[in-house]
Amino acid sequence: MSELKVAFIGTGRLTETPGAMGYAMAHMHADGYRLLDDVEMVACADIVPENAQAFADKYEFTDIYTDYNEMLTSVKPDVVSISTWPHLHAQMVLDCAAAGVPAVHCEKPMAHTFGAAKAMLAACEESGTRLTFNHQRRYGKPFYMAKELLDDGAIGELQKIEFGTSDLYDYGSHSWDMANYFNDECDTRWVLCGLDYSEENVVFGAHNENHSIAVWEYENGVFGMAAGGDATALVGCHHRMVGTEGIIEIARSNMPALRVLRAGEDWKAIDTGDEGCHAAEFVYRCIADIVDCLRTGGESQMNARNALRATEQIFACWESVRRRGMVTLPLDIEDNPLEAMIEAGDLKPAAQS
Ligand SMILES: NC(=O)c1ccc[n+]([C@@H]2O[C@H](COP(=O)([O-])OP(=O)(O)OC[C@H]3O[C@@H](n4cnc5c(N)ncnc54)[C@H](O)[C@@H]3O)[C@@H](O)[C@H]2O)c1
């Protein structure tokens with residue numbers, strides 16, 4: 001089998017290293033590629049040369065760049081992992097598509113505006129680039145075992161999905177994606193949201209509201225509710241699926257990670273081994289999946305259409321606040337309503353201390 005050449009845009013700096021600005025997700029992606037046969041990590045690009053150098057030293061290659069477009073031209077990688085902050089994702093994906101990269105695996109959230117997210121999907125569909133987003137919880141036992149329970153009819157017909165989150169966009173990106181996974185990637189009919197943004201909360205360069213409550217209805221009649229910030233306790237778990245004959249809950253941090261309640265029975269814990277909601281192994285499974293899909297011609301469940309569905313719900317929530325009303329999908333905006341409301345002075349978060 002021919003070796004796949006993998007390159008990285010944005011390497012990060014490990015959290016234990018002075019000057020680290022984030023989580024250095026590229027290292028986690030690289031740990032995933034390292035587990036695979038016939039995959040060679042060949043190059044990386046980072047505007048901070050010492051970040052790129054440390055990454056290349058760790059993963060044992062020498063080709064480093066500060067300009068990722070130069071890297072794309074010289075290296076012609078088969079797979080590019082993008083681990084930069086969200087406002088940079090769109091241009092990088094568009095440049096990868098223009099350079100004819102066969103597969104791009106980008107970190108979440110998808111993009112900083114809804115228009116940019118749509119443009120990423122369109123460009124990759126045009127170029128034939130397999131674009132995926134690192135919504136790794138799909139590969140975590142509590143999550144895929146919950147889906148198996150749902151598919152097996154353990155709680156009857158699905159009626160409602162709830163999730164608790166810190167925010168709707170940064171962490172929320174995962175939570176929306178999982179809600180849609182549980183509801184068979186169904187599209188959304190409408191969204192209604194209220195939020196508080198009184199203290200600046202900038203995460204990876206992007207504004208995130210402090211507290212929120214959102215409700216929505218899917219096209220198949222399933223309802224959803226998300227509670228963020230101080231409202232999280234309203235849901236009290238990571239995800240809850242309510243069916244005609246029972247309830248499935250995924251815990252936020254405590255064990256059991258997964259439990260089910262059926263009519264006439266007590267709560268029953270489901271054995272997920274030692275897997276909770278967070279594990280590096282989930283990311284390794286994502287990486288294995290995108291490489292496998294590239295080789296076999298399959299489509300990863302982390303595909304950009306699934307990511308765009310979650311992105312649309314997030315921006316629809318913020319649009320609901322801007323319009324002070326219910327928003328019917330498909331969403332007909334291009335911008336980022338939260339940012340627009342801040343710029344217009346409609347939201348005035350106090351500066352971060
Ligand atoms: N999947 C998850 O669970 C998870 C967890 C944490 C973060 N993330 C996401 O991962 C993304 C990256 O976060 P991080 O914590 O790895 O960030 P980070 O700050 O650790 O690393 C980002 C790197 O990008 C580099 N960079 C900036 N501009 C660049 C450019 N033009 N060209 C090349 N490199 C450039 C920076 O120098 C830095 O080294 C974010 O979107 C974040 O939301 C995902």
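These legends describe close-up views of a predicted model.

**View 1. The two domains of the protein.** Taken over C-alpha atoms, the centres of domain 1 and domain 2 are separated by 26 Å.

**View 2. The contact between domain 1 and domain 2.** Domain 1 gives 20 residues to this contact, and domain 2 gives 19 residues. On the side of domain 1 that touches domain 2, the elements giving two or more residues are helix H4 (86-98), helix H5 (114-127) and helix H8 (280-296). By class, the residues of this side of domain 1 are ten nonpolar, eight polar and two charged.

**View 3. The packing of helix H7 with helix H9.** Helix H7 spans residues 172-182 and helix H9 spans residues 304-323. The two helices pack at an angle of about 115°, and their axes are 9 Å apart. The crossing of H7 past H9 is right-handed. From H7, the contact is made by Gly172, Ser173, Trp176, Asp177 and Asn180. From H9, Asn306, Ala307, Arg309, Ala310, Gln313 and Ile314 take part. The residues of the contact of H7 with H9 comprise four nonpolar, five polar and two charged.

**View 4. The residues around the ligand.** Divided by class, the shell around the ligand holds 13 nonpolar, nine polar and five charged residues.

Definitions and conventions:
Residues numbered from 1 in each chain as written. Predicted model: local features only at pLDDT ≥ 70, side-chain atom pairs only at ≥ 80, totals over all residues. Axes fitted to C-alpha atoms, helices over the stretch in contact; angles between N-to-C directions. Helix = DSSP H or I, 4+ residues; strand = E, 2+ residues; numbered from the N terminus. Left-handed = near helix turned anticlockwise from the far one by under 90°. Contact = placed C-beta atoms within 7 Å. Nonpolar A, V, L, I, M, F, W, Y, C, P; charged D, E, K, R; others polar. Domains from an automatic or database assignment. Near = placed C-beta within 6 Å.
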